[in-house]
Amino acid sequence: MKKHTCIICNRKFPEGQGIIIDYGGKKLEFHSSRCASKFLRILLERVPKDILKGYIDRIVDELRERREIELKTRMKRI
Ligand SMILES: [Zn+2]
């Protein structure tokens, strides 16, 4: 069975567990969502705000729109 290694805490974990993200040919492997969120925090600290902010604003808006659409369709059903 294929084993992965968490890039944050070095813990080994089997295929099918943890979080694996393929990004530009590099595999980002996290044994838990806690380690993945630690990586997210480092990423947000490291990437200059003027580069990242536009993308984050757009994602937040998209997610909010999606929630509103879901809410509306749920209310229609009732
Ligand atoms: Zn880990």
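Tutor: Let us begin with burial. A residue is buried if 20 or more other C-beta atoms lie within 10 Å of its own, exposed if 12 or fewer, and partly exposed in between, with C-beta atoms placed from the backbone. In strand S3 (residues 19-23), zero of the five residues are buried, so the strand lies largely in the open. The model is a predicted one, in which local features need pLDDT of at least 70 and side-chain atom pairs count only at pLDDT 80 or more, while totals for chains, interfaces and linings use all residues. Residues are numbered from 1 along each chain as its sequence is written.

Student: How are the helices and strands defined, and how many of each does the protein have?

Tutor: Helices (H or I, at least four residues) and strands (E, at least two) are DSSP runs, numbered from the N terminus. The protein has two helices and four strands, arranged along the sequence as β-β-β-β-α-α.

Student: Which strand is joined to S3, and by how many bridges?

Tutor: Two strands pair if DSSP finds at least two bridges between them. Here S3 and strand S4 (residues 26-30) run antiparallel and are joined by five bridges. Tyr 23 stands opposite Lys 26 in S4. Two residues lie between the strands of this hairpin, and Gly 24 takes a positive phi near 55°.

Student: Is Ile 59 buried or exposed, and why?

Tutor: Ile 59 belongs to H2 (residues 49-77). It counts as exposed because it has 10 C-beta neighbours inside 10 Å. The C-alpha atoms of Ile 59 and Lys 72, 13 residues apart along the chain, are separated by 20 Å.

Student: What does the radius of gyration show for the whole protein?

Tutor: The radius is taken over C-alpha atoms, and the globule rule is 2.2 Å times the number of residues to the power 0.38. A compact globule of 78 residues would have a value near 12 Å, whereas the protein has 17 Å. Its C-alpha trace spans about 45 × 35 × 20 Å along the principal axes. Of the 78 residues, 5% count as buried.
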